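Here is a short report for a reader meeting this structure for the first time. It goes from single residues to the sheet and then to the whole chain.

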Amino acid sequence: MAGPDIAIHARNVTLKLGSAAAPVHILKGIDLSLTAGDSVAVLGPSGSGKSSLMAILAGLERASGGEVDVAGTRFDRLDEDALALARRGRIGIVLQSFHLLPTMTAHENVAVPLELDGVPDAFDRAARELEAVGLGHRLDHYPAQLSGGEQQRVAIARAVAPRPAIIFADEPTGNLDAVTSAAIVDLLFARQSAAGATLVIITHDPALAERCGRVLQMRDGLIVSDSAA
């Protein structure tokens, strides 16, 4: 079991897809410990396994082998339904594609997941988070009425609103122009700091990685370097 200051502890984590006759080894034995409150970038070329690693650490995918302890819970011992429950309140996720529900307003996109999790002040909290990301004037706008940068701000508010211990961001600026990307990165770090959360960013961008306190390089399903930025 990981210690109280360890947000994530992974030991010999593997991921194998395909058939028994023709297996594809995506992750080949990952060992990793992340301290609570850290900011960590995971760099690597396409196909290196970085998004697969994030999916396992975030509880979106089950590892084929190894131990995965996230925020004090052994994810490797849980089935898919139990993983979904374990993610609630522990983990916030921001993706390259914003994944907002098109039939809900910005306010509803942030508030409804909170409400489903039983948060009593869901709509008030959602409004405060949207205000914090500069969208207090856009509460009643639908995703189609928002720019890409504004949609990503809604996605960040949705990820942070449950006050998770860990925030994962997978290429969070991949669909944005350079100016908007810079603003979104600043906002992501600001919300991480406000929440006191651990931040794990999957990226191709060395400049973004330099904003993090620690940088992991992946290649061919392995972590090949681990250093302070």
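Histidine 107 is found in helix H3 (residues 106–116). Helices here are DSSP runs of H or I with at least four residues, strands are runs of E with at least two, and both are numbered from the N terminus. The model is predicted: local features need pLDDT of at least 70, side-chain atom pairs count only at pLDDT 80 or more, and totals for chains, interfaces and linings use all residues. Residues are numbered from 1 along each chain as its sequence is written, and side-chain values use heavy atoms, with hydrogens and water left out.

Histidine 107 has a relative accessible area of 15%, so it is buried. Buried means under 20% relative accessible area, exposed means over 50%, and partly exposed lies in between (1.4 Å probe, protein chains only). Phenylalanine 189 sits in helix H6. It is buried too, at 12% relative accessibility.

The table lists what each residue touches; contact means heavy atoms within 4.5 Å. Residues up to four places away in sequence are not counted.

| Residue | Relative accessible area | Touches |
|---|---|---|
| Histidine 107 | 15% | Phe123, Ala126, Ala127, Leu130, Leu139 |
| Phenylalanine 189 | 12% | Ser39, Leu199, Ile201, Leu208, Arg211, Cys212 |

Phenylalanine 189 and valine 119 are 70 residues apart along the chain, and their C-alpha atoms are separated by 24 Å.

Now the sheet. It is open, with 6 strands in the order E6-E7-E8-E3-E9-E10 and mixed pairing. Two strands pair if DSSP finds at least two bridges between them. E6 and strand E10 (222–228) stand at the edges with a single partner strand each, so one side of each has no neighbour in the sheet. Neighbouring strands of this sheet are turned by 15 degrees against each other on average, direction ignored. Axes are lines fitted to C-alpha atoms, for helices over the stretch in contact, and angles run from 0 to 180 degrees between N-to-C directions.

Helix H6 packs on the sheet and touches E3, E7 and E8; its direction makes about 155 degrees with that of E8. Helix H1 (residues 50–57) lies across E3 (39–43), E6, E7, E8 and E9 (214–219), and runs at about 155 degrees to E7.

Leucine 95 has aspartate 170 as its bridge partner in E7, and glycine 92 has isoleucine 167. Another 5 bridges join E7 to E8 (residues 198–203), again parallel. There, phenylalanine 168 is partnered by valine 200.

## The whole chain

The chain has 7 helices and 10 strands. Its radius of gyration, 17 Å, is close to the 17 Å that the globule rule gives for 229 residues, so the chain is as compact as a globular protein of that length. The radius is taken over C-alpha atoms, and the rule is 2.2 Å times the number of residues to the power 0.38. The C-alpha trace spans about 50 × 35 × 35 Å along its principal axes. Of the 229 residues, 46% count as buried.
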